Amino acid sequence: MSDLGALPVQAYLVACLLAGSIGLCLGRVAWRDRREPGGTEVALYLLCGGGISLLYGVRVASGSELVMLVALNLATPLVAAVPGIWMAFVLAFSGRDQWRTEERIVALAAPAFVWVLTAWSSATHGLSRRSLRSVVEGPFSLLSFGLGPADWAFVLYAYALCLAGALVVIDLYRRTGNRYRLQTFVILLGTLFPFLAGIVTVVDVGSYANLAWFPAALVVHGVFLYGTVFWLGTLDAAVVARDTAVEVMQDPVIVAGSDGRIRDLNPAAEELLSPDAVGASLSAVFPRLEVGVEHPIAIDGQQFDIQEDPITDPRGTDRGHVFLLRDVTERERRQAALEQREAELERQNERLEDFAGVVSHDLRNPLAAATAAVELARHGDGEGSEALDRAADAHERMDDLIEGLLSLATAGKAVDSLDHVSLDAAVRRVWSRLETAEATLTVDGADPTVLSDRDRLEQLLANLFRNAIEHGGSDVAVRVAVESEEDGVMLSVGDDGPGVPPDRRDQVTERGVSLDGGTGLGLAIVGDIADAHGWDLSVEASAAGGARFVISGIETADDG
């Protein structure tokens, strides 16, 4: 090592004292204005850097080994605190307050605390500050010592926190807009001073092996931090709050770049997409998520509304898009239930209107006929028997109407529970209960077990059979066919009667429509029962020339 001349050492001493004064003064100012995010940490960083610089100046200026040793020991806790203060500043500046818990602060400070105790007691164990002695270089006396294992461990600890903080700042630089990138750039630039100065001090670069270069560098770094927070303006509360809000949002947020690749996900989106989604193509990871999509989309049984907003720089250049996925599963479920309820209420209103129409018109006519017949029989003018027959017919028609109205009132209600029903058994059971005279029944096809309301399915079959007998005559031939389809089972009931004219096939299932003066309710009930189950009903011509009613979409028990 070459001898130090007085002038370089004096210049270095002036630099230490000047840096220490600046650090303490600026730190005091920062402490008064510490309400800014990171302001407290900047104040502590400057005070520590200023204290280290002044104490090192004392070591350089003093010729007493005792004074130099006291200054060294006083500076030790300040040096130990600097890496932790730097990390605390970075977390405060970037708005990551959730990382600044008491447990993490204690864990962060523990290695530095252990190093301070080890350095102070180095004379007893030799793990720190080996070969501590004073050396004379020119007109000044300096304190020289070698680094022990504890010192090297602290150096690694300090540089690890320095790099970790720099990475957090780099991530902040990447995530924030151009408006705040100057601040993050200044912080990173200032970090280079203590980083490089520490390397030069430890490695002994140059002719001044016993001089430490990092004290003044810490103050320079602190000035950069002060300028960032108090001059350029820290990340304001709106930006920090917005970033924090995105992280804690329960709705997924997806950020895509202008190249169509995913740049960032909040925790809710990470649960929804695959872990390796970041960096992948948006169209590959999420094919249904496209720019401009607003209608709800289904993902794993959930319904999401898509809100898309462009990302542009100050010049208006497209930088990507932000997608906010709002979970509307419950809303869609309530909407579907409401629509179903409204449809059911509409059907009920229609049935009430039909009921009122039948009561006011169809039921009034046979009642009037019966009343007239009874009056005629009461006068005993020789036509009493015939009048009573007409009254009986009128009463029978009223009974049919009342029975049809009661059936109509329940036919279209929503099906709450489904039974496992054998179609073949249901067809034959219903046929056996009817007065079929000389009519014949033929059942073709398989015998699947279907899901339906048992009572209403049998009511549907009974009405179709009665319709065939009433219109086809007492000797009508009824053919029931069961066929399997892709979406379930198709059931058809055909006869060899007169059939339904093509221009009336769309009308015969409407309420009050009858081709031969019937009540007009039987086939309407069939239509309501089919609708309540979600089945499709159509009217065709049978192979024998009569009518054929086809019910499709019946769900089998295997499908359910």
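Arg129 counts as buried, at 7% relative accessibility (buried means under 20% relative accessible area, exposed over 50%, partly exposed in between, with a 1.4 Å probe and protein chains only). Arg129 lies in the loop between helix 5 (122-125) and strand 1 (130-137), and although not a glycine, Arg129 has a positive phi of about 50°. Most residues other than glycine have a negative phi. Ala437 also has a positive phi in a residue other than glycine, with a value near 50°. The loop that holds Ala437 runs between helix 15 (423-433) and strand 9 (440-445). Ala437 is exposed, with a relative accessible area of 64%.

The model is predicted: local features need pLDDT of at least 70 and side-chain atom pairs count only at pLDDT 80 or more, whereas totals for chains, interfaces and linings use all residues. Residues are numbered from 1 along each chain as its sequence is written, and side-chain values use heavy atoms, with hydrogens and water left out.

The protein chain has 17 helices and 14 strands (DSSP runs numbered from the N terminus, helices being H or I of at least four residues and strands E of at least two). Of its 560 residues, 42% are buried. Among contacts (heavy atoms within 4.5 Å) with a separation of 6 or more, 65% join residues 24 or more positions apart.

Two packed helices are described by the angle between their axes and the distance between the axes. For helix 3 (residues 65-93) and helix 4 (residues 102-120), the axes come within 9 Å and cross at roughly 165° (axes are lines fitted to C-alpha atoms, for helices over the stretch in contact, and angles run from 0 to 180 degrees between N-to-C directions). Helix 3 is therefore roughly antiparallel to helix 4 (a term for angles over 145 degrees). Residues of helix 3 including Asn73, Pro77 and Met87 meet residues of helix 4, among them Leu108, Trp115 and Trp120. The residues of this contact divide into 10 nonpolar, 3 polar and no charged (Ala, Val, Leu, Ile, Met, Phe, Trp, Tyr, Cys and Pro count as nonpolar, Asp, Glu, Lys and Arg as charged, and the others, Gly among them, as polar).

A second pair is formed by helix 16 (residues 454-472) and helix 17 (residues 522-533), whose axes come within 9 Å and cross at roughly 150°. That angle makes helix 16 roughly antiparallel to helix 17. The residues in contact divide into 8 nonpolar, 5 polar and 1 charged. Those from helix 16 include Arg456 and Leu460, and those from helix 17 include Ile525 and His533.

Technical notes
Parallel < 35°, antiparallel > 145°, perpendicular 65-115°, else oblique.
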